[in-house]
Amino acid sequence: MAEWLTHVLVAYGVFTILGWYVDWLEKRWVAVAMVGSILPDLNRLDLFVSSEGLSALLGVPFNWGALHTIGGLVVLSAIGALLFSSGLEQKRGFVVLFGGGLSHLVVDVPQAYADGLAVTNLYLFPLTTWRAPTPGWYVSADRWVALFALVFALVVYAVDWYQRAKSSG
Amino acid sequence: MNDRYRVVALFGLLVLLGGLCVWYATADLWDHPSPSDIADDPTAHDGESLLLFGDVRSVDQNTETVSIESGPLEATVHGVDPAILADLEAGGSIQVEGTVEGSEPTIAAETVVVDHRGPTDWHYVYATSIVGAALAIGAFLRYWRIDLRRLRFEQRGER
């Protein structure tokens, strides 16, 4: 898993670009996508309330890892969407939270794994246990990843600023 | 949707999310033995290959072995490239593709990927993650207000 700075900056860049083509995708929704990009890593709740502890407490197996999956993301996005006020905001909220979370999972796929296969068997739960090949581009502690995301976000920010300046003046 | 229905729907979704966590915990998502399978009965898995994610407990440069912990499993990994060992510290984390050996248990490594070389790498990941979270929350609160009483987000500058 990449760190959150990378995920948030990638979501900012991707959704700002999408906003150039989708009228309603204003900055307020880009901000929601940035929050969405963190949703899958809510599995880190494990650091505060361990899966093992909850399993013992509940008497059934429990694993926070489900939050870092496509199935978990759908439910988390629906929960987040319900917190918006109007029906239209809730629909947009769901799309943008899910999109932000999806960008997180996509960024996580090409990491290095010792057997050369990505852990899409986990990310795609409960759809399939298929493991895609991975190019093995990075591990989460590689410093260049956040730097790359920062450059990407800054370029998008500059182009976005330039376009707005041009259209308003 | 009025607020009462919304709270009921939120509760239902939280229950669904909990159910998903239980389902995930019981699902068989790997085609190799899990750390708890090996911890329960190492000899039963002798010779089986696996991909293991483990926290590094200690590194022994002399015997060229790494002691790791993966859930309930404590194992010794041998056959690790000395160049990897030289960079690795207790508190780091690695992935091992290899074969289960004997009853100890030990893992004969074929390929090792270092996720975190030691505590410094973890500190980097946590520090950048805090910056990322602050950025996302800051951007969100710039455009949205949280109405805790009605449990909902409202656009800033609108009533």
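1. Buried area here is the accessible area (1.4 Å probe) that two parts lose on being put together, summed over both. For chain A and chain B in this predicted model, that comes to about 4,700 Å². Carbon and sulfur atoms give 74% of the figure.

2. On the contact list, 54 residues of chain A meet 53 residues of chain B. I find 13 residue pairs in polar contact between the two chains, counting pairs with both residues at pLDDT 80 or more. On the chain A side, the elements giving two or more residues are helices H1 (4-19), H2 (27-36), H4 (70-81), H5 (87-108), H6 (120-123) and H7 (143-168). Sorted by type, the chain A residues that touch chain B are 34 nonpolar, 11 polar and 9 charged.

3. How many salt bridges are there between chain A and chain B? The count is 1. Have a look at Arg143(A) and Asp121(B): their side chains form a salt bridge at 3.0 Å, N to O.

4. Now to chain B itself, and strand E3 (residues 73-78). Its covered face carries Leu73(B), Ala75(B) and Val77(B), while Glu74(B), Thr76(B) and His78(B) sit on the uncovered one.

5. E3(B) pairs with strand E2 (residues 65-70) of chain B in the antiparallel sense, over 6 bridges. Ala75(B) of E3(B) is the bridge partner of Ile68(B). The two strands make a hairpin with 2 residues between them, and Gly71(B) in the turn has a positive phi of about 60 degrees.

6. E3(B) also runs parallel to strand E5 (residues 106-116) of chain B, joined by 3 bridges. Here Thr76(B) has Thr106(B) in E5(B) as its bridge partner.

Key. Residues numbered from 1 in each chain as written. Chains lettered and ligands numbered in written order. Predicted model: local features only at pLDDT ≥ 70, side-chain atom pairs only at ≥ 80, totals over all residues. Heavy atoms only, no water. Contact = heavy atoms within 4.5 Å. Salt bridge = Lys/Arg side-chain N within 4 Å of Asp/Glu carboxyl O. Polar contact = N/O pair within 3.5 Å; in protein donor to acceptor, adjacent residues only side chain to side chain. Helix = DSSP H or I, 4+ residues; strand = E, 2+ residues; numbered from the N terminus. Nonpolar A, V, L, I, M, F, W, Y, C, P; charged D, E, K, R; others polar. Buried < 20%, exposed > 50% of the residue type's maximum accessible area, 1.4 Å probe, protein only. Pairing = 2+ DSSP bridges.
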